[in-house]
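Hello,

Here is the structure I promised to pass on. Please open it first, then read my notes below.

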Amino acid sequence: MSHTVVAHTHEEHRSTKLPDIKLMMWIFLASDCMFFGSLIGSYLVYKDKSVVGPYPTDVLDIPLTTVSTFVLLMSSFLMVLALHSLRSNDIPKFRLWTLGVCVFGSIFLGFQVYEFSHFVDLGLTLDQNLFGTTFFVLTGTHGVHVTIGVLMLLSLLIISYIRPTSAKDAVYLEVTGLYWHFVDIVWIVIFTVIYLVEFV
Amino acid sequence: MAIGRQTAAAGDAGVITRPTWTTGWASWLTTVDHKRLGLLYIVSSFIFLAFGSIEAFLIRLQLTRPEQQLISPDVFNQLFTMHGVTMVFLAIMPLGIGFANYFVPLMIGARDLAFPRLNAFGYWVYALGGVFLYTSFFLGGAPDVGWFAYAPLTSLSNNPGNGVDFYMIGLLVGGIGTLVTAMNLIVTVVNMRAPGMTFMRLPLFVWMMLITSFLIIFAFPALTIALFQVIMDRTFGTLFYVPEAGALPILWQHLFWIFGHPEVYIIILPAFGVISEVIPTFSRKPLFGYPIMVLSGIFIGFMGFAVWSHHMFTTGLGPVANTAFALTSFVIGIPTGIKVFNWIATMWGGHVRFAVPMLYATAFLITFTLGGITGIMVAVPPFDAQVQDTYFVVAHFHFVMGGGALLAFLAGFYYWFPKMSGRMMPEGLGKIAFWLIVPGFYLIFWPQHLAGLVGMPRRVQTYEAGIGLDAYNLMSSMGTYVMGAGMIIVIASAFWALRKGTIAGDDPWDGRTLEWATTSPPPHYDFDVVPEINDRDPVWLIKHPELIERRDPISESVDPDHTPPEHVEQIAIHIPGQSWYPLIAALGIFFGSYALLYQNLFLGLFTVAIIFLACYAWALEGVGGHHENVDPAAGGRA
């Protein structure tokens, strides 16, 4: 018997049976842990080392940030719903929940913009003291991560109107979701380290 | 001027037409082929190696005789800084990555890396990052703060020139390229092994590259953050390394060495991998103690993150920290020693052929072991306190980096040159070069141990006559001529061999691993039929079926889910499409670096837009490519 066989082309044979991009995202997140680890480590090394105010307890507003933290955590919930809808080929619901994640992420970013400008009004800037330096760089880096996540989700949303989207594309949303959940978890650590520990 | 020949397959519709050149310069700019990118890495590394060597030569020229003033202290500082940065980041490390790019897919029976366009992006970012660093010589002076650029020497008030900015931004950009390439290699090795190629059948070089890639993804972020902090300090006035504001400049040392010590293993583990391929092949014996070689590599990788403070013994961390880090540093000598003994045991009783790669591998064994012994010496805190910042330390790390990594990569270069070019390097000239390079190396660096023990500090522009340093420095400087002559012969004979070398054939060394099962150079699709792997030395098994009873016990197991194709007459192989976008995105980062350095908002926004658009165009054009029909009888073998 002789026939044309597409033997192990680029897409077919995978040793772990996992899609490449999913593995890639996990490895990227492993590396990103060290990025945030270095930033959080720098924050902790410089904790209580500022020689002039404002000090953390002068500016931090736990109730306000608790609200934005709650919004960010709920966005992860919507992320799960979005992925579930796409896997069930329910495209309208996929679009709805994905838009929801983007909106919640944007609300979080809005809170952050308000918080930053409020802190600047209170005299806390990048070059005011070590708290300002480490706080803005750490939370700012996290904010950039959230922004990139919103952009990725918006892109998937827009693409779903341009190209036919179905359950077989779920891996792209799943990978973006991995990133989104990770950024959420990092925020929980940052919220604990910067905000909660200050008032223990 | 014609750019090059285009294939018949039309490019996909996109923002710009998908490039399909197969020859000419545009085919190299748009290539996503791991072999071409591997060659680009290797050639670029050798160019930067030449730059770094010229800087080293000028340093030694200035130090030949006492109280010379050939080179001003200011230029001298730039030279030793750029020498270190070039050798570590632009020459030796990318040389290992270049070999990995070329040979990891071939050795595991894959047709490319998992993300071919990302691979191209990684190369361009590395290469342009190197160009960016070197333009500093023409734009106000190169960095002059040593290769580890300790804070607060790098602050704006202490160092107002542009040199430090070039260092910080250049390494940040180069690090991005290294990071994405490492991630790509991990996905490739984990996910794209040929059927039957289990982890414990991977060639040692692949194993070492896998471990190296993990080291890169965990170590480079610490450097990236440290560089980012200094850039923020210098550009936006943050206070990360401003002692007056309460900052602790030692944080830089911790972050730098949390990266910097794994970096040492990022450089040496690929070299271990090359040696572990060369020695069994030229001893005609399987590698002795394969599992323990793998495990000791993994152990070195782990421990590499637990020894960073031995670079900081004299900073006053206290006796507890010093003792702990001395102990971990001793412990990391154990797996390294295991490797050395296993290499010796592989040679023991083998039919050793001293071809040029094997000569370099043998020289590596001796030189690296000597460097390891001085490494154990400086891991003892009281001894380190005596030799810290002296030429003894310089001699130590040149023995492991130069005598270790560089000699190993020269072994790899001679070993794989026939596979990459299809022609043999001349054996006689190779031996002449070897007998210049290795004795020249010892002539340069052996006396530096003694100069360091007498007390000669690092990074001094000159020294007094008659204090016991004259002879050592003269010998050291004379050695550069000998070793330099050898390196020139290597490069010249490579150019000669490309045109006139004898045709190598597929398998000139009686190789063991999969790359020797395809043609020299391999076809662009690597293998027509992806082979079934049943052994650690699969190609030996095909060539010497009489060895079948010596197969290791795990040989029998084959991937149960895999059904081999029955009879294959013609195969359609997917060739991923070429792309302009990796290069465009890398150019955006390149010009963005200048925007950040000169704080030019307009150029900055423009380059961010370019990067943004390139990323979208990249994502939307897809992998692309075409299927190529290959007749197994005519193409590469398997």
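**A loop residue in chain A**

Start with Lys49(A), which lies in the loop between helix H1 (20-45) and helix H2 (56-59) of chain A. Helices here are DSSP runs (H or I, at least four residues), strands are runs of E (at least two), and both are numbered from the N terminus. Before going further, note that this is a predicted model: local features need pLDDT of at least 70, side-chain atom pairs count only at pLDDT 80 or more, and totals for chains, interfaces and linings use all residues. Residues are numbered from 1 along each chain as its sequence is written, while chains are lettered from A and ligands numbered from 1 in the order in which they are written.

Lys49(A) counts as partly exposed because it has 15 C-beta neighbours inside 10 Å. (A residue is buried with 20 or more other C-beta atoms within 10 Å of its own, exposed with 12 or fewer, and partly exposed in between; C-beta atoms are placed from the backbone.) Leaving out residues up to four places away in sequence, Lys49(A) touches Leu130(A) and Gly246(B). Contact means that the C-beta atoms, placed from the backbone, lie within 7 Å. Lys49(A) and Leu130(A) are 81 residues apart in sequence, and their C-alpha atoms are 6.8 Å apart in space.

**Chain A overall**

Chain A has six helices and one strand. From the N terminus, the order is β-α-α-α-α-α-α. The C-alpha trace spans about 85 × 35 × 25 Å along its principal axes. The radius of gyration of chain A is 21 Å, whereas a compact globule of 200 residues would have one near 16 Å. That radius is taken over C-alpha atoms, and the globule rule is 2.2 Å times the number of residues to the power 0.38. Of the 200 residues in chain A, 34% are buried. Take the contacts in chain A between residues at least 6 apart in sequence: 85% of them join residues at least 24 apart.

Two packed helices are described by the angle between their axes and the distance between the axes. Axes are lines fitted to C-alpha atoms, for helices over the stretch in contact, and angles run from 0 to 180 degrees between N-to-C directions.

In chain B, helix H3 (residues 73-108) packs on helix H7 (residues 250-283) at about 40°, with axes 10 Å apart. H3(B) is therefore oblique to H7(B). (Under 35 degrees is roughly parallel, over 145 roughly antiparallel, 65 to 115 roughly perpendicular, and the rest oblique.) The contact of H3(B) with H7(B) has ten nonpolar, one polar and one charged residues. (Ala, Val, Leu, Ile, Met, Phe, Trp, Tyr, Cys and Pro count as nonpolar, Asp, Glu, Lys and Arg as charged, and the others, Gly among them, as polar.)

Helix H6 (residues 204-236) and helix H8 (residues 290-303) of chain B pack at about 15°, with axes 10 Å apart. H6(B) is therefore roughly parallel to H8(B). By class, this contact of H6(B) with H8(B) has nine nonpolar, two polar and no charged residues.

**A loop residue in chain B**

His311(B) sits in the loop between H8 and helix H9 (319-347) of chain B. His311(B) counts as buried because it has 22 C-beta neighbours inside 10 Å. Leaving out residues up to four places away in sequence, His311(B) touches Trp257(B), Gly260(B) and His261(B).

Best wishes

Conventions
Two residues are in contact if their C-beta atoms, placed from the backbone, lie within 7 Å.
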